[in-house]
Amino acid sequence: MPKTIAIVEDDIAIRDNYTAVLSGQGYTVQAYADRPSASLAFSQSLPDLAIIDIGLNDEMEGGFMLCQQLRQLSQSLPIIFFTARDNDVDTISGLRMGADDYLTKDISMAHLLARIAALFRRTDLLATPRQDSDTIRLGHLKVDVSRMTVSWKDIPVALTVTEFWMLHALIKRPGHVKSRQQLMDESRMVVDDSTITSHIKRMRKKFVQLDESFDHIDTVYGMGYRWQQ
């Protein structure tokens with residue numbers, strides 16, 4: 001059965017474009033122009049994944065409100081914020097509310113499709129019985145690459161897909177510096193340096209929230225980042 005993707009976007013041209021492309025990829029698409037109509041639909045039936053703009057008509061933070069509602073209804077539903085607003089405050093707010101990824105509208109449709117496929121893959125893997133997997137262990141860190149899960153001291157770390165691949169890039173060669181371009185390439189995204197920095201800061205903060213002594217992600221000024229054992 002085709003996966004169902006909900007798109008909540010107030011710009012009709014963008015909404016129709018997303019709908020056409022995703023439908024062409026075999027997804028069933030439910031499109032909504034505002035928060036109230038999407039909210040009503042979600043209260044009756046949930047999609048398999050939601051793509052949400054933040055500003056919806058007169059509601060500057062309508063997407064945030066919708067994300068909160070979805071998280072109350074389901075803790076596992078993949079949620080992507082897809083927006084023109086790329087400042088750190090909005091990004092951090094969106095991820096704190098439980099979004100799985102935060103993408104800006106300047107990325108290509110191919111990148112969006114790759115992100116959607118990755119989230120569905122992670123959801124499907126988490127729903128299947130555990131099998132032998134490709135696991136990386138570094139001290140208290142455990143990364144299950146095939147299932148795209150991370151734990152620190154046996155406590156799950158809720159990383160977005162983007163953060164997961166950045167972490168994976170760092171731990172493949174501990175102690176070696178990864179440039180921002182290399183992190184961008186391995187996380188399959190095209191953004192500016194400040195966005196890479198924001199992702200690293202958020203990822204580091206998630207580990208620190210679990211362990212105040214965490215200090216394994218080093219910033220090497222002028223060069224990039226590395227995982228320090």
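Two residues count as being in contact here when they have heavy atoms within 4.5 Å of each other. Keep that in mind as we walk through this predicted model.

Let's start with D53. This residue sits in the loop between β3 (49-52) and α3 (62-73). Leaving out residues up to four places away in sequence, D53 touches V8, E9, D10, G63, F82, T83 and K105. Is D53 buried or exposed? Its relative accessible area is 7%, and anything under 20% counts as buried, so D53 is buried. There's a note on this spot in the records, too: an unreviewed UniProt entry puts the feature "modified residue: 4-aspartylphosphate" at D53.

Now step back to the whole chain. You'll find eight helices and 11 strands in it. Of its 229 residues, 48% count as buried. Look at the contacts with a separation of 6 or more, and 58% of them come from residues 24 or more positions apart.

What about the inside? In soluble globular proteins, nonpolar side chains tend to be buried together. In this model, the largest nonpolar core has 46 residues, and the members touching the most others are I116, L141, L167 and W227. Helix α6 (residues 161-171) gives the most to this core, namely eight residues. Take a look at W227: setting aside neighbours within four places in sequence, its contacts include L138, L141, W152, L167, F214 and I217. Apart from this core lies another one, made of 19 residues, including A6, L66, C67 and Y102.

Note on methods
Residues numbered from 1 in each chain as written. Predicted model: local features only at pLDDT ≥ 70, side-chain atom pairs only at ≥ 80, totals over all residues. Heavy atoms only, no water. Helix = DSSP H or I, 4+ residues; strand = E, 2+ residues; numbered from the N terminus. Buried < 20%, exposed > 50% of the residue type's maximum accessible area, 1.4 Å probe, protein only. Core = buried A, V, L, I, M, F, W, Y, C linked by side-chain atoms within 4.5 Å. UniProt positions renumbered as here; feature names shortened; annotations may be inferred.
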